[in-house]
Amino acid sequence: MSSEQVETREFQAETRKVLDIVINSLYTERDIFVRELVSNSADALEKYRHISLTEKPEFDAHVPLEITIDCDDKKHRLTITDTGVGMTREELENNLGTIAHSGSSRFLEELAEAAKKDVSLIGQFGVGFYSVFMVAEKVRVQTRSWDGSEGHEWESDGAGTYTIKPCDGLHRGTKIIIELKDDAHEYATKFTIERIIKQYSTFVPFPVKVEGKTVNTVQAIWTRSKSEITDEEYTEFYKFIGNAVDEPLYRLHFSADAPLSINALLYVPQENYETLGMGRMQPGVNLYCQRVLIDQHSENILPEWLRFVKGVVDSEDLPLNISRQALQDNALVARIRRVITKRFIKFLAEQAAKDSEKYEKFWQTFGIFLKEGITTDFEFQKELGKLLRFESSATEPGELTSLDAYIERMKDGQDSIYYINGPGRAALEHGPYVEMFKKRGVEIIYTLEPIDDFVLNHLGEYEGNKLVSADRADLRLPAGEGEEEKKSEQQGERLDQDTVADLCTFFKETLGDKIQEVKASDRLVDSPAMIVNVDGYMTSSMERIMQAQGGEAAMTGKKELQINPASPLMKKLAAVKEKQADFAADIARQIFDNAMIQAGLLVDSQEMVSRNYRILEKLAADE
């Protein structure tokens, strides 16, 4: 070949800068270069497939559409070949020697900035190719266009110049021959290349053959129509993508074209592995762009509280060359996350309406994650409120109800949804807080998990109805059959007003700083007393959790003791304190401790036991 046929050219100045940005800033993992070259090959194959339908080309028409990769670990050489559209000499120079935004300093500024955060411009044609110079001592690109014109070879070490010369004997497509750097010899081994293909390029829609063996054998079924996919195919794909052995509990397969192009296939497993003692789960959804993996176990495509979901999300709108660091701050990714999260929440609501029994199984297993979402993610609180399930005074033991169903059963004039937390249904139903609810026929939700009060407190209200804990001091219940019934409930065989006031003063003097105030209750029916919270924000169960985390110092809620003027015990105490003040003080302290225990709050057990014995000894002596 004569020297006149070999042209040596300098990279365009902008191209040299792009090389520096891509190699040193954008690509933080060297494996990515294989993904980029395979993606470019897949694009070239897709273009040829389209041309073959419209142009009916004759040159190399019989050659199959595929990508082949050869590893030579002795010569430290990696070769990637595709049978796509190929390039003419002019296309070769334009695509690999120059950047389309020639002379645009703004393009370079945006690209450099994108390498740090906003990657919307990185997906320009050819930019991904330059990542090969992270590992390459020298690169040769041999290519021949689909139109049968002369083939050419492009060669460069990425330092500043490249050569282009004619190349005989080429078939349609492109062959990239990579002479590897001394610290990159591992990329000439079959094992390494197979591993990278399986991680990033499993779903490329053309065969990828490594040393003659097709590596990408699993179909990207999320790109197919739902009507074409069998249940068995869905299950097999779930087992592959979720590393599972069982069938999924739910699956959601949906596509969207506007405002974003999205294909998503999401699964809910049968088990919550966090509750099985296997540690915090890592996100289970992989992010793809045109079937090419962008982010495995993506922390960006779904909120953290949906980490139990398995599956794939594929968006053609994402640039292929997006880095993991840039994903976090990318506005497009945030929009995709919002669309998918809303669609998944809507799907769960649909499933709950369709099969409540199956949804309750989901709720028992994964409800804790939705509760986490309400307490940490303000954006989706309202939608998640629809998915909450609890027992209530209107349900049978073990039967769950929704907030929507509660609202349908609300009494006339009722504008609040009431709830009370406790260790179990039986304890709540025999406790002081639900007595008046039962008497007036007002439904109350039983929250049986410690986190539930935080959840409902964060939610605040639902469909215009306030969520109110029954241990609030300022609680006002709707009347039963009418105001007259309410008045009659407050009357009966009660202590007179002066005696009640005197008794409240006695309790306050006896308990001192342990209690902020003592009042007569209009809510108690049978119980002699109860503890209520003056601070409407902090419920007793919330305080109990804070105590467990931070000890006594975490007790911040202000307490009020409410006593029942109609209780036989209070009537006897009023009489005893006139004659045996010390004994009456022990009874008052015991009543307070009992009320604290019923509120789920801590008491000094040693002091309480000693006091109990004193009371029993006194009663025995009086007998």
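What is the volume of the largest pocket? The largest pocket has a volume of about 550 Å³. This is a predicted model, in which local features need pLDDT of at least 70 and side-chain atom pairs count only at pLDDT 80 or more, while totals for chains, interfaces and linings use all residues. Residues are numbered from 1 along each chain as its sequence is written, and side-chain values use heavy atoms, with hydrogens and water left out.

A pocket here is an open set of points on a 1 Å grid over the protein atoms alone, where a 1.4 Å probe fits and protein lies on both sides within 12 Å along at least five of seven lines. Grid points are joined across faces, edges and corners, and the volume is the space filled by probe spheres set on the points. Lining residues have an atom within 4 Å of a point. For the largest pocket there are 27 of them, and Ile-241, Gly-242, Asn-243, His-297 and Lys-310 lie nearest its centre. Two or more lining residues come from each of α5 (190–200), α6 (231–241) and β12 (284–289). Helices (H or I, at least four residues) and strands (E, at least two) are DSSP runs numbered from the N terminus. The lining divides into 13 nonpolar, 10 polar and four charged residues. In this count Ala, Val, Leu, Ile, Met, Phe, Trp, Tyr, Cys and Pro are nonpolar, Asp, Glu, Lys and Arg are charged, and the others, Gly among them, are polar.

Helix α14 (residues 452–459) is mostly covered, with six of its eight residues buried. Buried means under 20% relative accessible area, exposed means over 50%, and partly exposed lies in between (1.4 Å probe, protein chains only). The buried residues of α14 are Asp-452, Asp-453, Val-455, Leu-456, Asn-457 and Leu-459. Gly-460 follows α14 and has a positive phi, near 80 degrees.

Two packed helices are described by the angle between their axes and the distance between the axes. The axes of α14 and helix α9 (residues 356–376) come within 8 Å and cross at roughly 45 degrees. Axes are lines fitted to C-alpha atoms, for helices over the stretch in contact, and angles run from 0 to 180 degrees between N-to-C directions. α9 and α14 are therefore oblique to each other; angles under 35 degrees count as roughly parallel, over 145 as roughly antiparallel, 65 to 115 as roughly perpendicular and the rest as oblique. The crossing of α9 past α14 is left-handed, that is, the near helix is turned anticlockwise from the far one by less than a right angle.

Some residues pair with others well along the chain. Leu-348, in helix α8 (residues 331–354), is buried at a relative accessible area of 1%. Its C-alpha atom is separated by 7.5 Å from that of Leu-387, 39 residues apart along the chain. Val-518 belongs to strand β20 (residues 517–520) and is buried, with a relative accessible area of 10%. Between the C-alpha atoms of Val-518 and Gln-562, 44 residues apart along the chain, the separation is 5.7 Å.

Two loop residues have a positive phi without being glycine. His-76, with phi of about 55 degrees, sits in the loop between β2 (67–72) and β3 (77–82) and counts as partly exposed at 26% relative accessibility. Glu-463, with phi near 50 degrees, sits in the loop between β18 (461–462) and β19 (465–469) and counts as exposed at 52% relative accessibility.
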